[in-house]
Amino acid sequence: MMSESQSDVTAPSGAEPLYRWSPAYAGEAAPLVLLLGATGYIGGRLLPRLLNAGYRVRVLTRRPERARDLAVSDLVEVVRGDGADADAVRRAMDGVRFVYHLVHSMTDRRDFQRLDRVIARNVADAAAGAGVRRLVYLGGLAPRSGPLSPHLASRREVGEILERSGVPVLVFQAGVVIGSGSASFEMIRHLTEVLPVMTAPRWVRNRIQPIAIRDVLHYLLCALKLGDGVSGAFDIGGPDVLRYDEMMNGYALLARLPRRRILALPVLTPRLASHWVGLVTPVPGRLARPLVESLQYDCVMHDHRVDECIAPPVEGLTPYHDALRLALGRIEVDQVETSWVDAAVAQVPSDPLPSDPEWAGRVVYTDARSIETSASPEALWRVIAGIGGENGWYSTPLLWALRGWGDRVFGGVGLKRGRRNRSSLRVGDVIDFWRVEVCEPGRLLRLRAEMRLPGLAWLDLSCEANTRTRYSQRAVFFPHGLSGRLYWLAVLPFHGLVFSGMARRIVAIAEREDSLHAGAGREQRRTKSS
């Protein structure tokens, strides 16, 4: 039976007869699916739909606690491990019938191609050894010949490695994916909203065949229903072929903005363009670069062979303008399932905050504050859980904005990432340049810093209920060398303004909300009595 969180997904939900697994005989156990990349944008959406379709799911991840927060059913098995660890991949592959490989290195690290190659070989070898019935991989649309960008070349190489495994493989090659929270959609959205007139690289004139996220999920789900004889690489795309400037002006039309004037220049290299995108949009430069590089080519389907084995959705493939409308609709009702920010950021801490006893012998700086308040614990937690994004950080917005701007200038993620959801949090969610490491509703919110820092930083916001409610706040910083120590001393005067103001403001807002709630209750009782 589907849980409420499983059923609250957009079409396709996975429960439709087209995608449901059907047992060949009475009592047959549901097939086990290994989902690699379950905490990413597409993997996070595919997981509940596989459950709705009746499959058992296993995920391999370095952070099991984050995956468990996504695992909405006891039919999900979470295994700790890394795709680059051959032994871990072999263990995860045991008893698996189907494998989704949705892991991509969307970074500017120099070794990303080697890492993609190692993971692909581990997956191919383990799948062949475990007798897996099918591998499914999502790659990128690219020209059939000629030079490719490093990221597109890596995508193609991964597909080829998987095809040589001897296991039936489906490689879906998709271009720009449009959906709420997708990096491509956010680039289009923010570039269009921020710049009424812009200069852009020549790639804005290239032809692109975007595809809605719901259509990508359709093909991924249907892949498990095919016979063993179907194998190979297949292009997938939506019904529209557009130029990038037409895509931007399509968004402007839907958002009721004036038509944007876009001047194509031959001098903007992908590197320069990615920095420009990083400053204007929430997408940081190191993620924007592979996206920009892929736009240097016509990203269109070369053939429609996919139609011979997988029919389009019953209602047809989603036109570009409908995909935009659906994405905006999910944002407006605060129901974004997954976001590009779900992916881990390279070169930031991935290990949790060490426990206090482990600090012995280490240099660590803290800023701790505590305030008793008349607010109820429930009101205080609502304010804590609403921090960041549209609500900001409750104090000195100019200083927070300057810190975010400085972070973007030096290649960090900045403050523009916002939040996936305005009203709820889960482990792994992004809040501006922090990531949720611990979320214990009503008690503790721990955030891990992902801004550029000469050290590692965390921020704890907690609520304790005794005779009176107590709000506690603690910033923890582990400096790296002399530069880390100097950094802490440099920002120490600002902490007095930022952190003390934030603590007082959080408490004040909670007390005001309690007062308003109490006043509304009294008014309601007075109305009833009269």
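1. Ground rules. The model is predicted, so local features need pLDDT of at least 70 and side-chain atom pairs count only at pLDDT 80 or more, while totals for chains, interfaces and linings use all residues. Residues are numbered from 1 along each chain as its sequence is written, and side-chain values use heavy atoms, with hydrogens and water left out.

2. The parallel sheet. Seven strands form an open sheet with parallel pairing, in the order β3-β2-β1-β4-β5-β6-β11. Helices (H or I, at least four residues) and strands (E, at least two) are DSSP runs, numbered from the N terminus, and two strands pair if DSSP finds at least two bridges between them. β3 (76–80) and β11 (232–235) are the edge strands, each with a single partner, so one side of each has no neighbour in the sheet. On average, neighbouring strands here are turned by 20 degrees against each other, direction ignored.

3. A closer look at β1 and β4. Strand β1 (residues 32–36) runs parallel to strand β4 (residues 98–101), and four bridges join them. L36 has H101 of β4 opposite.

4. Helices on that sheet. Helix α2 (residues 41–52) lies across β1, β2 (56–61), β3, β4 and β5 (134–140), and runs at about 170 degrees to β1. Helix α5 (residues 112–130) lies across β1, β4 and β5, at about 175 degrees to β4. For these angles, axes are lines fitted to C-alpha atoms, for helices over the stretch in contact, and the values run from 0 to 180 degrees between N-to-C directions.

5. A search of the whole structure finds three cavities of 30 Å³ or more. A cavity is, on a 1 Å grid over the protein atoms alone, a set of points where a 1.4 Å probe fits but cannot get out; lining residues have an atom within 4 Å of a point. Grid points are joined across faces, edges and corners, and a volume is the space filled by probe spheres set on the points. The second largest cavity holds about 40 Å³ of space. Its lining consists of H101, V103, H104, D116, I119, Y137, S154, R155 and V158. α5 and α6 (150–163) are the elements that give two or more residues to this lining, and α6 gives the most, with three residues. By class, the lining has four nonpolar, three polar and two charged residues. In this scheme Ala, Val, Leu, Ile, Met, Phe, Trp, Tyr, Cys and Pro count as nonpolar, Asp, Glu, Lys and Arg as charged, and the others, Gly among them, as polar.

6. α7 against α9. Helix α7 (residues 183–194) packs with helix α9 (residues 244–254) at an angle of about 70 degrees, their axes 9 Å apart. The two are therefore roughly perpendicular (65 to 115 degrees). Contact (heavy atoms within 4.5 Å) involves S184, F185, M187, I188, R189, L191, T192 and E193 of α7 and Y244, M247, M248, Y251 and A252 of α9. Nine of these residues are nonpolar, two polar and two charged.

7. α7 against α12. The axes of α7 and helix α12 (residues 320–332) come within 12 Å and cross at roughly 90 degrees, which makes α7 roughly perpendicular to α12. F185, E186, I188 and R189 of α7 meet Y320, L324, A327, L328 and I331 of α12. This contact has seven nonpolar, no polar and two charged residues.

8. The antiparallel sheet. Another open sheet has six strands with antiparallel pairing, ordered β14-β19-β18-β17-β16-β15. Strands β14 (365–373) and β15 (430–431) are at the edges, each pairing on one side only. Five bridges pair β17 (residues 444–449) with β18 (residues 455–465) in the antiparallel sense, and L444 has S462 of β18 as its bridge partner. Helix α13 (residues 377–385) packs on this sheet, touching β14, β16 (434–440), β17, β18 and β19 (469–479), and its direction makes about 160 degrees with that of β18.

Methods: Parallel < 35°, antiparallel > 145°, perpendicular 65-115°, else oblique. 1 Å grid on protein atoms, 1.4 Å probe; cavity = no way out; pocket = protein on both sides within 12 Å on 5 of 7 lines; lining within 4 Å.
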